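Reader: Please take me through one part of this model in detail, a strand and what surrounds it. I would like the criteria spelled out along the way.

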Amino acid sequence: MHALIIDDSRAMRLILRRIMVELGFGATEAANGQEALDLLQVGLHPDLCLVDWNMPVMDGYDFVTEVRKVREWRDITLMMVTTESEHAQIVRALAAGAHEYVIKPFTADAIRDKLELLGLAQDGAFA
């Protein structure tokens, strides 16, 4: 399984990469939604995208909206990982096509629990 980590914070991308690798995923990073879309357009097809909301160039909401417009990408699981904690924002992201929502700060267990809900957790991860 492969994850695309989309966050403008290099530190956050490193934290998420470490968690995903420990969970058995390969990982690619993008610093904003447009960079992530560019990766998808050249053929990267991750199983999962971890998407921050607030980023320069293209934010996470716009990324989710753009991904959901493309039939070939509809099987990609989208999980928002963001500081946006207002109920209206969560509803907006889910309505746009995000599958799950994790509010920062988070723990590795919170990410694993969400992946289990999505059927993406690998057996033996964090055992």
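Author: Two strands are taken to pair if DSSP finds at least two bridges between them. Helices (H or I, at least four residues) and strands (E, at least two) are DSSP runs, numbered from the N terminus. The model is predicted: local features need pLDDT of at least 70, side-chain atom pairs count only at pLDDT 80 or more, and totals for chains, interfaces and linings use all residues. Residues are numbered from 1 along each chain as its sequence is written, and side-chain values use heavy atoms, with hydrogens and water left out.

Some context comes before it. The protein chain has 5 helices and 5 strands, and from the N terminus on these run β-α-β-α-β-α-β-α-β-α. Its C-alpha trace spans about 35 × 35 × 25 Å along the principal axes. Of the 127 residues, 46% count as buried, where buried means under 20% relative accessible area, exposed over 50%, and partly exposed in between (1.4 Å probe, protein chains only).

E4 is largely enclosed by the rest of the structure, because 6 of its 6 residues are buried. Thr77, Met79 and Val81 point one way from the strand, while Leu78, Met80 and Thr82 point the other way.

A crossover is called right-handed if, with the strands pointing away from the viewer, the path from the first strand over the helix to the second runs clockwise.

Met79 has Glu100 as its bridge partner in E5, and Met80 has Tyr101. Together with helix H4 (residues 87-96), E4 and E5 make a right-handed β-α-β unit.

Side chains of opposite charge can pair when their charged atoms come close. A salt bridge here is a side-chain nitrogen of Lys or Arg within 4 Å of a carboxyl oxygen of Asp or Glu. Lys104 forms a salt bridge with Asp7, and their closest N and O atoms are 2.8 Å apart. This pair links distant parts of the chain, 97 residues apart: Lys104 lies in the loop between E5 and helix H5 (108-117), and Asp7 in the loop between strand E1 (2-6) and helix H1 (10-22). Lys104 is buried, with a relative accessible area of 15%, and Asp7 is buried at 2%.

Helix H5 holds another such pair, Asp109 and Arg112; these are 3 residues apart, so about one helical turn separates them. Their closest N and O atoms are 3.5 Å apart. Asp109 is partly exposed, with a relative accessible area of 41%, whereas Arg112 is buried at 19%. Asp113 and Glu116 are linked with Asp109 and Arg112 in a network of salt bridges. Over the whole structure, a search finds 10 salt bridges.
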